[in-house]
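Subject: Structure handover and notes

Dear colleague,

Here is the structure I promised to pass on to you, with my notes set out below it. Please read them with the model open beside you.

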Amino acid sequence: MSSKAIYEATGKDLINRHIAPGTALVPCRFAVFEQDTVWEDELGKNPWLTKEQLVVKPDQLIKRRGKLGLVGVNKTAAEVRRWLSEHSGKEQKVGAASGKLRRFVVEPFVKHDANEEMYLCIQSGRRADTIMFHHQGGVDVGDVDALAIRLDVPVDTFPTGEEIDRVLLKNVKSATTKRILTTFILSLYRVFVDLYFTYMEINPIVITNERLYLLDLAAKLDQTADFICAKNWGEITFPPPFGRDAYPEEAHIADLDAKSGASLKLTVLNKAGRIWTMVAGGGASVVYTDTVCALGGAHELANYGEYSGAPTESQTADYAKTIFSLMCRDRHPKGKVLIIGGGIANFTNVADTFRGIITAIETYKDALLQYNVTIFVRRGGPNYQEGLRQMREVGHRLRIPMYVFGPESNMTAIVRLALGHAPVPPDHRLDYAPHQLPKPEPAVRTALYCTH
Amino acid sequence: MKHSPPPQPAPQVDLPQLTDKLLDLACQSAPSRLELGQQLPARPLFSDRTKAIVWGMQNRAIQGMLDFDYICRRAEPSVVAIVYPFTADHKQKYYFGNKEVFIPVFSDMDVAMRKHQEATVLVNFASLRSAYDSTMQAMQHPQINTIVIIAEGIPENMTRKIIKLADARGVNIIGPATVGGIKPGCFKIGNTAGMIDNIVDSKLYRPGSVAYVSRSGGMSNELNNILSKEADGVCEGVAIGGDRYPGTTFIDHLCRYEADPNVKMVVLLGEVGGVEEYHVCRAMRDGRLTKPLVAWCIGTCSDMFTSEVQFGHAGSLAGSALEKAAAKNAALAAYGAVVPDSFDTLGAAVNKVYKKLVSEGKIIVKEEVEPPKVPMDYDWARKLGIIRKPAAFISTICDERGQELSYCGVPITAVLERQLGVGGTISLLWFQRELPDWACKFFELVLIVTADHGPAVSGAHNTMVTARAGKDLISSVVSGLLTIGDRFGGALDRAAQDFCAAYDRGQHPQEFVNEKRAKGELIMGIGHRVKSINNPDSRVRELKAYVTSRWPAWPVTRYALDVEAITTRKKPNLILNVDGIVAAAMVDLFRHCQLFTQEEGNNYIAMGSINALFVLGRTIGLVGHYLDQKRLKQPLYRHPWDDITYMSPLN
């Protein structure tokens, strides 16, 4: 769902395949190298690798690679191979995120002058798409928001060549360059609209010897348009942001989500984390996560996710089992907490969804005890009394530490209990479960924010 | 839980200094309708006379709306028509209180609109694939001034086109990706606020003084609860949905609330992502929003993640520092909203503002009036386990309700894997037990040998005549089956009963034959037109060989064969025929497979289960004869006159 980033290679491939003929664009050539790519195979598929000078860089949704020193320019094939072996598998910090460099793209080096680099960006807004252009692009483009010229293209309209020439390209001196750019921008915008792009940033776009090159591309597609564009897009991946590995469990939940009218989402943040959540609702799940973070648990938070829109008992069971399987993999000396939270449901049958969770608890009962998991439940909505009663019953029967609350309790109060900020109220205490949970450890690093 | 220690202070985030200029710039990046000269009219969207059309067979949601209408003491239900393209036009039954009402279902939206000009609202439950088309179609009808789009996952390009047309036509879009909203006393959108018990608990049947707007549907119901406890309840609440481009935004609804004299204070539940909350700040700055506003933006946690996290709402992704929840909370507070420390203390903040307004006389606390009782839906009451009633039917042979179809407790995949076959299936569905392989194979053998006996017999003849009359398969086959009885195909049961009775009495076969002759009765199961002791019926021979080699014991069959030995001495064609051998063998099967008591076995015979084998087998042939006549395109049959003896009744 929603606007999702794609690999630079994917974006270039889409443009190659779908842009109308008649522009000065030199079709983007590139070779992708991942952990298991065999060098010779790629050479075989792309003979130009040995015949031209090359550029190599990671393709993992990392911004400002130039400034991070992650771009190898004007190299021979042998040099590129050495560069790859030096960088592949390396730990890299980008802002606050940290991850391994795993995927690279190698392209022909395009010889050009610095003053031939320009900046082009198209992004969607509520009432219009905005095309931004600056005649001086490249790594040191500066504050594009302040410098670039903007042309708003209202939704469901198409810009004219005249507008582009007059408004967007007014600072371009050469008439030839203007002409080339105008034709290209019109064709590119067609691709932007037809393929449901929501963002495209090309920096730099280079015109040299009357040919146009896209040296760098960052793009986002509207993933919900999959049912319209699947054929045109072909097989594409929507990679996770840099610094977070894609887990097969996330893909499994995404698949469940796609096949159902209900909403099921899961993102693994820190699989060794102590604090796990299973919250109903897109809004409530955010509030619970806010509360965990406000109480100092951000770095121990293992996942973000939500389930809503009346999933069936078996869908909920599947969702819960996926979380349990992730949760019961790495032991933690302080044990783990699972927050099964939610507001007061509008139409989700709480007894049905809880029955699904209970099925999962039954399946994982030994693991839950072994990994020292304490469960906190808060929920309201249709048939909630029966849902809560069955939860309490399974907790007692299996002697799994579980504290169950209904809508009479503050929605996020259980977060306090789970994070040890308050003791379990006396009337809820159990003899086989802790009365006060441990507090989260203070964070090792103090600055945890990512600035975009 | 109410006396827990305050949360740790939120970590310091780099917040941009929000000057007036920056505020204007932020708003410019997403101009509201007001700036474009298309403000929503100040009149309310919903009243207690609002009528709506629902797109989608949403029985539960619609009944919920009607129950709400009733408990609010609306004069008439709010839903006047349903649009559903996948059925023919018909009427659907609902309850308004205790009274049954019929709501027409139309397959064509244009027809529904034309016939129900009083409808001004469309609640659109179409899936993400068809929501765009149905919404655009609805906007062709000027009577519609509000459309609620429930679906999540509509591509943004489509939503933007909907917004463009809606703005041009002055139509209010609530959603997409929302549960809707509620206006106590007036109108409930779809599934919002759930069922009657929640409506009663949160006092949503009568208007309070607080109006709210949020993105999240689930949280809006939590707000319903909070506002009924910390203030005097909800006046109106809207959930604008989780998508990046909601049809109407926070400021659109807050401006409406500003113009509504019944609204005394407002609550905004904002969210990380987008700049909508800054329009609210600017409106407060410019004096366009004057009512006390309690606000909280969720998503403060996104600042703390080391990689970008996409929250459940598509719109919920911070693109710039301004879009962060903490920045918005700070801005709202700076421009005059009451912003609590966390969502936890939102209730307390509301309570404080409410009490102040009461003390200032701006809110008059009204006396609570008991709402009318709404009867609970039968199905729901059963689900809750609070009522029971005896079932109209009992059935024990097959259960189709579970994960898998099961025959007498055996799941269908097991029936297939273990290759129980047709015989095994009959064994389960007719006799409720798994009979041994030789018995199941016997059933199949019987079906095979009784499958047909040519076109001349009465069953086949009837079927052929009916087929030639141009009738359908069912009529033709049933016509043939209807001839089965004592004289044709129905001898098996009688034969079984006769042989049994004689054998059990210990009557010597010769005596049995003599007795029958004396009574002038034919012996059922004995006799054939053509076949004789010297020209045996191969079917009987095969069956006899099978039974004698496989049965653990076959005394009644032995008895029948002894009877045959006697009758064939008199006339060679008085052989034990197919009916006879099958009947006798079945009796021995019931009695000696050790899975039936004597009583059970006799009961199955008495109920006609042996005949049933013939009926089932012969159906194969009858279908064959039907197909044959159709294939040969045979014309209507008329029996030749010269083959009929006409007589006057007087002769």
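For the sheet that comes next you need one convention, namely that two strands pair if DSSP finds at least two bridges between them. Please also keep in mind throughout that this is a predicted model.

In chain A there is an open sheet of four strands, which are paired in parallel and follow the order β15-β17-β18-β19. The edges of this sheet are taken by β15 (275-277) and β19 (402-405) of chain A, and because each of them has a single partner strand, one side of each is left without a neighbour in the sheet. From one strand to the next the twist averages 15°. The partner of β19(A) is β18(A), residues 373-378, and the two strands are joined in the parallel sense by four bridges; within this pairing, Arg378(A) has Phe405(A) of β19(A) as its bridge partner.

Chain A also holds two places where a charged side chain lies over an aromatic ring. Arg29(A) lies over the face of Trp48(A), 5.4 Å from the ring centre, and Lys220(A) lies over the face of Tyr199(A), at 6.0 Å from the ring centre.

Turning to chain B, the UniProt record, which is an unreviewed entry, carries the annotation "domain: CoA-binding" for residues 49-153. In the model this span of chain B is 27% helix and 30% strand, and the C-alpha atoms at its ends lie 32 Å apart. How do the residues of strand β1 (residues 52-55) of chain B point, and are they buried or exposed? Ala52(B) and Val54(B) point one way from the strand while Ile53(B) and Trp55(B) point the other way, and all of them are buried.

β1(B) pairs with strand β2 (residues 79-83) of chain B, in the parallel sense and over four bridges, and in this pairing Val54(B) stands opposite Ile82(B).

In one of them, the rings of Tyr503(B) and Tyr559(B) have their centres 6.0 Å apart and their planes at 80°, so the pair counts as edge-to-face. Since Tyr503(B) lies in helix α18 (residues 491-505) of chain B and Tyr559(B) in helix α21 (residues 555-570) of chain B, the pair ties together parts that are 56 residues apart in sequence. Tyr503(B) counts as partly exposed, at 32% relative accessibility, whereas Tyr559(B), at 6%, counts as buried.

Another edge-to-face pair is formed by Phe590(B) and Phe596(B), with 5.0 Å from centre to centre and 90° between the planes. Phe590(B) is buried, with a relative accessible area of 2%, and Phe596(B) counts as buried at 9% relative accessibility. These two residues belong to one aromatic cluster, which is formed by Trp430(B), Phe431(B), Phe443(B), Phe590(B), Phe596(B) and Tyr604(B).

Key:
Residues numbered from 1 in each chain as written. Chains lettered and ligands numbered in written order. Predicted model: local features only at pLDDT ≥ 70, side-chain atom pairs only at ≥ 80, totals over all residues. Heavy atoms only, no water. Axes fitted to C-alpha atoms, helices over the stretch in contact; angles between N-to-C directions. Phe/Tyr/Trp six-rings, centres within 6.5 Å; stacked < 30°, edge-to-face > 60°. Buried < 20%, exposed > 50% of the residue type's maximum accessible area, 1.4 Å probe, protein only. Lys NZ or Arg CZ within 6 Å of the ring centre and 35° of its normal. UniProt positions renumbered as here; feature names shortened; annotations may be inferred.
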